[in-house]
Amino acid sequence: MKKNNIPYKVYLDEDEIPKAWYNIRADMKTDHRPMLNPQTLEPITAEELSPIFCDKLIAQELNDKDRFIEIPEPIRDFYKMYRPSPLVRAYCLEKMLNTPAKIYYKYEGGNTSGSHKLNSAIAQGYYAKEQGLKGLSTETGAGQWGTAMSMACAYFGLELKVYMVKVSASQKPYRKTVMETYGANVVPSPSDTTNVGRMLLEMNPDSNGSLGTAISEAVEVAATTEGYRYVLGSVLNQVLLHQSVIGLEAKTAFEKIGDYPDIVIGCAGGGSNLGGLIGPFIKDKFAGKDAPYFIAVEPASCPSLTRGKFAYDFCDTGKVAPLAKMYTIGATYVPSGSHAGGLRYHGMAPILSQLYHDGFIDEARAVKQTDVFDAATMFAKAEGNLPAPESAHAIRVAIDEAIKCRESGEEKTILFGLSGTGYFDLGAYALYNENAMTDSVPSDEDLNESFSAIPKV
């Protein structure tokens with residue numbers, strides 16, 4: 001179906017699925033701050049990472065030389081089950097907003113995991129199987145990553161232990177059901193199954209949990225269980241590498257229709273969706289070409305970019321994982337139980353933190369939960385697609401930018417990432433529909449308390 005000669009959905013052919021991931025670090029014009037060993041605070045080595053991560057993933061994590069890294073054929077074969085994903089023109093939303101802007105979104109929810117997370121999960125599962133491992137451990141916030149990883153482990157015949165943030169496990173019980181259907185062992189975090197979990201429960205028995213806490217538990221399991229390694233669904237360089245298929249496909253789709261975005265918007269928690277979407281477009285900015293205006297959108301309840309500090313901090317609450325140079329609100333900070341569980345991480349991916357610090361990401365905005373669900377329901381009514389709360393952060397700002405175009409008369413092309421579906425988030429939509437949803441924004445006092453625990457490195 002077409003309007004003004006531009007289709008509603010732009011599909012690529014199967015052979016246009018990227019054959020190589022784009023490694024943005026090779027083009028970054030800045031020093032790469034290394035991860036630090038949590039005991040010595042010295043740059044961590046591949047040998048020190050080997051008890052935690054798969055060997056090939058360590059190599060990808062530390063690679064800042066190769067611009068493109070070939071995608072193994074078994075991974076591309078799995079991608080063909082649900083990729084390429086469509087670039088969608090939001091004509092109905094444009095009409096609802098009465099805007100001259102052209103609004104597009106890259107839809108990543110068209111697989112059983114319901115999100116973009118499968119792009120990296122299948123890669124990490126592949127490398128674990130290739131290494132001959134028995135199983136993997138990981139954490140999950142809202143459950144998208146845990147679901148994707150459970151699918152990957154089922155496909156490759158690997159065991160999986162998932163530590164799910166306790167408040168999300170309560171809010172989204174059917175995510176747990178899906179993970180268990182694929183064979184995963186799901187544990188609400190903090191738990192009494194690890195030393196770190198028991199310590200944190202002793203400090204706060206009623207803790208809602210956090211991604212930082214769940215990471216600590218999962219890392220402990222990987223380090224103490226023979227034949228296991230740890231996998232992570234965001235933040236790390238390797239994850240942004242795998243997610244580059246999103247931006248690479250989007251860029252090819254725009255070339256097909258003879259358009260190019262003026263603004264690119266992505267939700268930002270740990271950074272996997274945002275980094276995957278914007279990376280191939282930022283490549284144009286590195287090369288001195290015309291490039292979009294990049295906006296990162298985060299929750300006001302967990303504002304690492306907009307109110308955090310650019311500093312070395314622990315990647316986890318239990319301080320057993322490496323330290324990274326990133327925008328952080330402190331590893332000890334426990335966010336409120338907002339419904340965008342995938343965005344409740346205390347820090348931002350080191351790559352995105354550096355890009356923001358250096359001005360390549362033009363702007364970061366923090367938005368409140370009720371404003372996000374205002375946008376989500378507006379989008380659902382216009383486009384017939386119920387978005388995940390995480391994705392709706394990007395929708396909120398895309399709508400705001402389209403309204404600006406209506407007011408100024410400018411015809412801009414807006415692209416945002418629709419990273420996942422909201423059908424596991426009906427409890428949150430019910431609260432919103434009942435006018436029972438509230439906003440939670442940390443005070444300066446709250447943040448200063450967590451800032452005080454950031455190590456002086």
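**Entry 1: helix 6 and helix 8**

I started with helix 6, residues 144–156, and helix 8, residues 173–181, in this predicted model. Their axes come within 8 Å and cross at roughly 15°. Angles under 35 degrees count as roughly parallel, so I noted helix 6 as roughly parallel to helix 8. I also looked up the hand of the crossing, and helix 6 passes helix 8 in a left-handed one.

Which residues make the contact? On helix 6 I found Gln-144, Gly-146, Thr-147 and Ser-150. Helix 8 brings Arg-175, Val-178 and Met-179. Sorted by class, the residues of this contact come out as 4 polar, 2 nonpolar and 1 charged.

**Entry 2: salt bridges**

Next I turned to charged pairs. How many salt bridges does the structure hold? I got 21, and I followed up a few of them.

I picked Arg-83 and Glu-249, whose side chains meet in a salt bridge at 2.8 Å, N to O. Where do the two partners sit? Arg-83 is in the loop between helix 3 (73–79) and strand 6 (87–89), while Glu-249 belongs to helix 11, residues 237–257.

Arg-83 has 4% relative accessibility, so I put it down as buried. Glu-249 has 1%, so it counts as buried as well.

I then checked Asp-259 and Lys-102, which form a salt bridge at 2.9 Å, N to O. Asp-259 lies in the loop between helix 11 and strand 12 (263–267), and Lys-102 is in strand 7, residues 102–107. This pair ties together parts that are 157 residues apart in sequence. Asp-259 is buried at 14% relative accessibility, and Lys-102 is buried with a relative accessible area of 16%.

**Entry 3: a network**

I went on to Lys-106, which forms a salt bridge with Glu-108. Their closest N and O atoms are 3.7 Å apart. Both Lys-106 and Glu-108 are buried.

Which residues join up in a network of salt bridges? I wrote down Arg-83, Lys-106, Glu-108 and Glu-249. That takes me back to Arg-83 and Glu-249, the pair with the 2.8 Å salt bridge.

**Entry 4: helix 15 and helix 16**

I listed who meets whom here. From helix 15 come Asp-371, Val-372, Phe-373, Asp-374, Ala-375, Ala-376, Met-378 and Phe-379. They meet Pro-389, Ala-392, His-393, Ile-395, Arg-396 and Ile-399 in helix 16. By class, I noted 10 nonpolar, 3 charged and 1 polar residues in this contact.

**Entry 5: Pro-389**

I stayed with Pro-389, which lies in helix 16. Is Pro-389 buried or exposed? With a relative accessible area of 1%, Pro-389 is buried. To finish, I looked up how far Pro-389 is from Glu-410. In sequence they are 21 residues apart, and in space I have 29 Å, C-alpha to C-alpha.

Key. Residues are numbered from 1 along each chain as its sequence is written. This is a predicted model: local features need pLDDT of at least 70, side-chain atom pairs count only at pLDDT 80 or more; totals for chains, interfaces and linings use all residues. Side-chain values use heavy atoms; hydrogens and water are left out. Axes are lines fitted to C-alpha atoms, for helices over the stretch in contact, and angles run from 0 to 180 degrees between N-to-C directions. Helices (H or I, at least four residues) and strands (E, at least two) are DSSP runs, numbered from the N terminus. Angles under 35 degrees count as roughly parallel, over 145 as roughly antiparallel, 65 to 115 as roughly perpendicular and the rest as oblique. A crossing is left-handed if the near helix is turned anticlockwise from the far one by less than a right angle, and right-handed if clockwise. Contact means heavy atoms within 4.5 Å. Ala, Val, Leu, Ile, Met, Phe, Trp, Tyr, Cys and Pro count as nonpolar, Asp, Glu, Lys and Arg as charged, and the others, Gly among them, as polar. A salt bridge is a side-chain nitrogen of Lys or Arg within 4 Å of a carboxyl oxygen of Asp or Glu. Buried means under 20% relative accessible area, exposed over 50%, partly exposed in between (1.4 Å probe, protein chains only).
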